[in-house]
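Subject: Structure for your files

Hello,

Please look it over when you have time.

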Amino acid sequence: ENYDRLLGKSKRNNTRLAPETIALLPRDYDEIANHLRFNSCAVVGNSGYMKMAKFGKAINTHNLVLRLNQSPTKPTFSEFVGTKTSIRLINSMWSTRYASDKYFGKLPLERNLTLMVSRTGGDVYDNIVQYMAKKRPDVKVLLINSRMVSKARALLKQYRIRLCKAGYGPYKGGISPTSGFVASYFLR
C-alpha cells in the first residue's frame, strides 16, 4: 500500500516520490522481510533512566536491536545500552535532520542500519532516501505506513480504557503513541 501511495497509484495519494528515489527503494516485501527476520529483539529508548542498570551485554545478544530516535550507542553508554543497532526508528522531528548537511555526522547512524521513518510526509522521506544514497549508501531507509501508526494509536486507546475500568487513570493528554509504542507494535 505504501508503494502504491508513494508511486502515485493510490486514490489517497498526498505525495509522490522523485523517480531517482523510486529506483533506490526495496524491490518488494520479500527484500524487506528477509532483511528484518529475527528470533529475538530489543527495543532501546533514550531515557536517562537507562543508566540505572547495565543491560548492554543483554541488549547486544539479540538478533535485532531497534533504537528509538537518538538512543545513544557511544562507548560511554555501552555497558548500559549496548552497541548493537539493526534499526533506528525516527519520528518526524528527527526526520528532517537526518537529511541535512548541518546535522550529518552529529546524529547516530550506525553501519548497515535500517532507518525507519515514522509520521512524516513523503517529501521528507524522499529527501532522506536521496541524501542517504549519496552520503551513506549502506543505510536502508523505510517508511512506516501511517495505518500502522493508526493501529498502534487504537491499541493504546483501548489499553487506557481498560486501565481506567480497572481503577487506574484517568489519563490526561492525547492518545498519540510514542515512538517506542509504535516500535513495539511494529515488532510484535
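Asn145 sits in the loop between strand E5 (140-143) and helix H8 (146-165); helices (H or I, at least four residues) and strands (E, at least two) are DSSP runs, numbered from the N terminus. Asn145 is buried, at a relative accessible area of 18%; buried means under 20%, exposed over 50%, and partly exposed in between (1.4 Å probe, protein chains only). The Asn145 side chain reaches the backbone nitrogen of Arg147 at 2.6 Å.

This is a predicted model, in which local features need pLDDT of at least 70 and side-chain atom pairs count only at pLDDT 80 or more, while totals for chains, interfaces and linings use all residues. Residues are numbered from 1 along each chain as its sequence is written, and side-chain values use heavy atoms, with hydrogens and water left out.

Next, the strands. In strand E2 (residues 64-68), 5 of 5 residues are buried. Leu64, Leu66 and Leu68 point one way from E2, and Val65 and Arg67 point the other way. E2 runs parallel to strand E1 (residues 41-44), with 4 bridges joining them, and parallel to strand E3 (residues 87-90), with 3 bridges. Strands count as paired if DSSP finds at least two bridges between them. Leu66 is the bridge partner of Val43 and stands opposite Ile87 in E3.

Buried residues of H7 include Tyr125, Ile128, Val129 and Met132.

As for the cores, a nonpolar core is a set of buried Ala, Val, Leu, Ile, Met, Phe, Trp, Tyr and Cys residues joined through side-chain atoms within 4.5 Å. The largest has 18 residues, of which Tyr98, Leu115, Ile128, Met132 and Val141 touch the most other members. Helix H6 (92-98), strand E4 (114-117), H7 and E5 each give two or more residues to this core, and H7 gives the largest share, 6 residues. A second, separate core of 15 residues includes Leu66, Leu142, Tyr185 and Leu187.

Last, the cysteines. The structure holds 0 disulfides, a disulfide being a pair of cysteine sulfur atoms within 2.5 Å. Cys41 is partly exposed, with a relative accessible area of 29%, and Cys164 is also partly exposed, at 36%.

Regards

Key: A polar contact is a pair of N or O atoms within 3.5 Å; within protein, one must be able to donate a hydrogen and the other to accept it, and residues adjacent in sequence count only if both atoms are side-chain atoms.
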